[in-house]
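This briefing covers charged pairs, ring contacts and backbone geometry. Please keep the sequence and the model open while reading.

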Amino acid sequence: MPNGYVFNDYKSLPRVLLFEPGGSSAEVLLYGGKVVSWKNSQGEELLFMSKNTGGRFPKGGISLCFPQVANTGMMKEICWSKKNAKSFDNIPLRLTPTGNPSSVDLTLKTTANDSNTWPRSFELRLRVSLGPDKMTIISYIKNTDNASLSFTFALQNYLSVSDMSLTWGFVFSEVRVEGLETLDFHDNLQQGKRFTEQPDAITFDGEVDRVYTKTPGNIAIIDHNKKRTIVIRNEGLPDAGLWTPWDNATKASEIGFGDKDYQNMLSVDSGVLEKPIILKPLEEWKGYQELSIISSSYCSGQLDPKMGVYAINSQSFNHEEVDL
């Protein structure tokens, strides 16, 4: 990444501008590797960023949460919730030049001298890459300690959507989610009790805070009003978080969002949330997430987790396979 594409915003937060020949662009903070903007080839913003200016670090975008985002892991006092997730947002990462304006590499290496901050030493590498209407985030975590490293992990994706409070054809909301049908989930609004999802697409008419387990690897967020679908494909990230505070202003403000942010924001997270990863010394883990855009708002079929084929308006869309 040429140094000329690194700049500071109004809060003196250094960030990197990514772009690709098709017209897509992204902005990545060097603090935590947080993605604060992702625009498609038409210049439309796809991520939600709160206009609430409280605090130094902006809310929304795509945040990396590590080493604890559930009730297990190396920091057991932190429980799974949007309020208490251990985010990397305030951790400065090292920029490694790639020589490619469409990707950025960020790293963090801890040592025994960091024991007051991190219970174990580790190395984290993060690569954010742009393609035509597509963004991939690959995370590597290596245990550099002489003891086992246990952690949970999440990429919190705050997506920009149409007004969640509206309905489409008086049947379902403007926004719905496919790919989580019939899966088991923990409902955080009911003390984490386990339920099984219905066989229909998920629509919204109130607050939702769930963790779905053993997901197939493809999730579609269908937005009828914006006439677009965002597909999240992941590998090594078996669980998915789904969250909207709806009109719970208290819950939203506790996390740092504005009272009305819920109307145009939906969080669909990729992660290792139920069962922690355990790495022996010198072992490495890799997680992969790809977000892609389809200019349509109607799904005529189900997602195929093996082939990555998604039927849209009676036409098939094939995800490009990526060698990890």
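Arg228 and Glu44 form a salt bridge, with 3.8 Å between the closest N and O atoms. The pair links distant parts of the chain, 184 residues apart: Arg228 is in strand β18 (residues 228-235) and Glu44 is in the loop between β4 (35-39) and β5 (62-65). The model is predicted, so local features need pLDDT of at least 70 and side-chain atom pairs count only at pLDDT 80 or more, while totals for chains, interfaces and linings use all residues. Residues are numbered from 1 along each chain as its sequence is written, and side-chain values use heavy atoms, leaving out hydrogens and water.

**Salt bridges**

- A salt bridge here is a side-chain nitrogen of Lys or Arg within 4 Å of a carboxyl oxygen of Asp or Glu.
- Side chains of opposite charge can pair when their charged atoms come close.
- The search of the whole structure finds 11 salt bridges.
- Arg228 is buried, at a relative accessible area of 6%. Glu44 is partly exposed, at 39%.
- Buried means under 20% relative accessible area, exposed means over 50%, and partly exposed lies in between (1.4 Å probe, protein chains only).
- Glu197 forms a salt bridge with Arg210, and their closest N and O atoms are 2.9 Å apart. This pair also links distant parts of the chain, 13 residues apart: Glu197 is in the loop between β15 (193-196) and β16 (208-212), and Arg210 is in strand β16. Both Glu197 and Arg210 are buried.
- Arg233 forms a salt bridge with Glu235, and the closest N and O atoms are 2.7 Å apart. Arg233 is buried, at 6% relative accessibility. Glu235 is partly exposed, with a relative accessible area of 31%.
- Salt bridges with shared partners join Glu123, Arg125 and Glu284 into one network.

**Aromatic pairs**

- Rings of Phe, Tyr and Trp (its six-membered ring) pair if their centres lie within 6.5 Å; planes under 30 degrees apart are stacked, over 60 edge-to-face, and the rest tilted.
- The whole structure holds 7 aromatic pairs.
- Phe66 and Phe122 pair edge-to-face, at 5.0 Å centre to centre and 75° between the planes. They link distant parts of the chain, 56 residues apart: Phe66 is in the loop between β5 and β6 (94-96), and Phe122 is in strand β8 (residues 122-131).
- Phe66 and Phe122 are both buried.
- Ring pairs link Phe66, Phe122, Phe151, Phe153 and Trp285 into a cluster.

**Charges over rings**

- A charge sits over a ring if NZ of Lys or CZ of Arg is within 6 Å of the ring centre and within 35 degrees of the ring normal.
- The charged end of Arg125 sits over the ring of Tyr140, 4.4 Å from its centre.
- Arg210 lies over the face of Phe185, 4.7 Å from the ring centre.

**Backbone**

- Most residues other than glycine have a negative phi, and most peptide bonds are trans.
- A cis peptide bond joins Phe66 and Pro67, with omega about 5°. Pro67 is in the loop between β5 and β6.
- Asp133 has a positive phi, near 55°. Its place is in the loop between β8 and β9 (134-143).
- Lys214 has a positive phi, near 55°. Lys214 is in the loop between β16 and β17 (218-223). At 67% relative accessibility, Lys214 is exposed.

Definitions and conventions
Helices (H or I, at least four residues) and strands (E, at least two) are DSSP runs, numbered from the N terminus.
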